[in-house]
Amino acid sequence: DARARMQEAIASHRRSVELVPSSAFAWNNLGGVLQLNGEVIEAERAFQHSLQLEPSKAAYSNVATAQFLAGKFADAVGNYERAVELGPHDQTVRGNLADALWHLPGRREDAVATYRIAIDLAEAELAATPGDPMLSAQLGYYYGRVGDPAQSKSHLDRALGAGASLLYVQYYSSVAALDRGDREVALEALAAMVRLGYPTKLLRS
């Protein structure tokens, strides 16, 4: 079953880092499967190994995401900020930084300012690739966080119209719905996420 396959994948990636402990790629892969299994503390340790071996935007971002899922928001902010320094035009990393700031006391204004930067970057991307449902979903979520419900709804409707079968379109739809207090839509999106393969253990993170 799926649980057995996940345990096999974790064991396989553990063997990989034992065989090639100097491989940032192997440690990153181990972190990925541990995170998917909801083992976010162990995932962070694996991602930290990868980061120490090969610092990069993705490595900092992966560490930060594991920290975010573990509720270590201040640590996540620090590593997302390093990722932003290495990839200032990456709207997803900017949005993730804003998410971490959002959860810190006294940092909501900083979070909103960071979401606005993410919006500008994502709108530029969407202009270059019109119709991208993932970008529309992210924008719908960002606009909700900065207090623009009309733009939020417009982008989310467009995203769900073109990409309802995409896991992270449903993810952003669910979080945006929770933000605006729409429990029914949030639960529908969460159910769709699980059907599309989102790990149920991460729903509790």
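Reply: Start with one term. Contact means heavy atoms within 4.5 Å. One caution as well: this is a predicted model.

Me: Which residues of α6 and α7 meet under that rule?

Reply: From α6 come Gln91, Arg94, Gly95, Leu97, Ala98, Asp99, Leu101 and Trp102. From α7 come Arg108, Asp110, Ala111, Val112, Thr114, Tyr115, Ile117, Ala118, Leu121, Ala122 and Glu125. Sorted by class, this contact has 11 nonpolar, 3 polar and 5 charged residues.

Me: Why are α6 and α7 called roughly antiparallel?

Reply: Take the angle. Helix α6 spans residues 91–102 and helix α7 spans residues 108–128. Their axes cross at roughly 165 degrees and come within 8 Å. Angles over 145 degrees count as roughly antiparallel. Therefore α6 and α7 are roughly antiparallel to each other. Their crossing is left-handed.

Me: What makes α5 and α6 roughly antiparallel?

Reply: The cut-off is again over 145 degrees. Helix α5, residues 73–86, packs with α6 at an angle of about 160 degrees. The axes are 9 Å apart. So α5 and α6 are roughly antiparallel. Here, too, the crossing is left-handed.

Me: Which residues make the contact between α5 and α6?

Reply: On the α5 side they are Phe73, Ala76, Val77, Tyr80, Glu81, Ala83 and Val84. On the α6 side they are Val93, Arg94, Asn96, Leu97, Ala100 and Leu101. The classes are 10 nonpolar, 1 polar and 2 charged.

Me: Why is alanine 76 called buried?

Reply: Buried means under 20% relative accessible area. Alanine 76 has 0%, so the label buried applies. This residue lies in helix α5. Beyond its neighbours within four places in sequence, alanine 76 contacts Ala64, Gln67, Phe68 and Ala100. Alanine 76 and alanine 100 are 24 residues apart along the chain, yet their C-alpha atoms are separated by 6.4 Å.

Me: How do you know that α8 and α10 are roughly parallel?

Reply: Helix α8 covers residues 133–145, and helix α10 covers residues 167–179. They pack at an angle of about 15 degrees, with axes 9 Å apart. Angles under 35 degrees count as roughly parallel. That is why α8 is roughly parallel to α10. The crossing of α8 and α10 is left-handed.

Me: Which residues form the contact of α8 with α10?

Reply: Helix α8 supplies Pro133, Met134, Ala137, Gln138, Tyr141 and Arg145. Helix α10 supplies Tyr168, Val169, Tyr172, Val175, Ala176 and Asp179. They divide into 9 nonpolar, 1 polar and 2 charged.

Me: What makes tyrosine 142 buried?

Reply: Its relative accessible area is 1%. The limit for buried is under 20%. So tyrosine 142 counts as buried. Tyrosine 142 lies in helix α8. Leaving out neighbours within four places in sequence, tyrosine 142 touches Gln91, Thr92, Gly95, Tyr115, Ala118, Ile119 and Ala122. The C-alpha atoms of tyrosine 142 and valine 112 are separated by 8.7 Å, although these residues are 30 apart along the chain.

Me: Which residues have the most contacts inside the largest nonpolar core?

Reply: They are Leu30, Tyr80, Tyr115 and Tyr142, in a core of 46 residues. A second, separate core has 6 residues, among them Leu69, Leu167, Tyr198 and Leu202.

Me: Now helix α9. Is histidine 155 buried or exposed, and why?

Reply: Set the value against the limit. Buried is under 20%. Histidine 155 has 4% relative accessibility, so this residue counts as buried. Histidine 155 sits in helix α9, residues 149–163. Apart from neighbours within four places in sequence, histidine 155 contacts Glu123, Leu126, Ser136, Ala137, Leu139, Gly140 and Tyr143.

Notes:
Residues are numbered from 1 along each chain as its sequence is written. This is a predicted model: local features need pLDDT of at least 70, side-chain atom pairs count only at pLDDT 80 or more; totals for chains, interfaces and linings use all residues. Side-chain values use heavy atoms; hydrogens and water are left out. Axes are lines fitted to C-alpha atoms, for helices over the stretch in contact, and angles run from 0 to 180 degrees between N-to-C directions. Helices (H or I, at least four residues) and strands (E, at least two) are DSSP runs, numbered from the N terminus. Angles under 35 degrees count as roughly parallel, over 145 as roughly antiparallel, 65 to 115 as roughly perpendicular and the rest as oblique. A crossing is left-handed if the near helix is turned anticlockwise from the far one by less than a right angle, and right-handed if clockwise. Ala, Val, Leu, Ile, Met, Phe, Trp, Tyr, Cys and Pro count as nonpolar, Asp, Glu, Lys and Arg as charged, and the others, Gly among them, as polar. A nonpolar core is a set of buried Ala, Val, Leu, Ile, Met, Phe, Trp, Tyr and Cys residues joined through side-chain atoms within 4.5 Å. Buried means under 20% relative accessible area, exposed over 50%, partly exposed in between (1.4 Å probe, protein chains only).
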